[in-house]
Amino acid sequence: QVQLVESGGGLVQPGGSLRLSCAASGFTLSNYFMGWFRQAPGKERERVSCISRDGRTYYADSVKGRFTISRDTAKNTVSLQMNSLQPDDTAIYYCAAKPLGSSCDGSTFRSWGQGTQVTVSS
């Protein structure tokens, strides 16, 4: 059974950094297309970043240059390093996985974690 558990969220001041982690179980993460998504209050879910099975990465324009997605095959985890955080980054961040496909479209993912809250505020 595919299971995803996010961690690493919290409260951070503008300009600060956080590192989110997603621990995967029930499958080999390197064989899956992985993604990070976020949803702010009153807004639709938006894609943040994805990493393909062969390591190609995708970033939303709003986070490009500030966020970095990576994968640790030994630990079966995928991480999202977030730097230069701004109040607009405040949201619940979700990890998602799918075995097939190469689109970073959230509607194509079937397995989701429970989410971790990121709040950027002074």
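This tour visits the disulfides and then some of the salt bridges of the structure.

The model is predicted, so local features need pLDDT of at least 70 and side-chain atom pairs count only at pLDDT 80 or more, while totals for chains, interfaces and linings use all residues. Residues are numbered from 1 along each chain as its sequence is written, and side-chain values use heavy atoms, with hydrogens and water left out.

**Disulfides**

Select Cys22 and Cys95, which form a disulfide with sulfur atoms 2.1 Å apart (the cut-off for such a pair is within 2.5 Å). This pair links distant parts of the chain, with Cys22 in strand E3 (residues 18-25) and Cys95 in strand E9, 73 residues apart; strands are DSSP runs of at least two residues, numbered from the N terminus. Cys22 is buried, at a relative accessible area of 0%, where buried means under 20% and exposed over 50%, with a 1.4 Å probe and protein chains only.

Next, select Cys50 and Cys104, whose sulfur atoms lie 1.9 Å apart in a disulfide. Cys50 sits in strand E5 (residues 46-51) and Cys104 in the loop between E9 and strand E10 (111-112), 54 residues apart.

**Salt bridges**

Now turn to Asp89 and Arg38, whose side chains meet in a salt bridge at 2.9 Å, N to O (a side-chain nitrogen of Lys or Arg within 4 Å of a carboxyl oxygen of Asp or Glu). Both Asp89 and Arg38 are buried.

Finally, select Asp54 and Arg56, a salt bridge with its closest N and O atoms 3.0 Å apart, where both residues are exposed.

Note on methods. Helix = DSSP H or I, 4+ residues; strand = E, 2+ residues; numbered from the N terminus.
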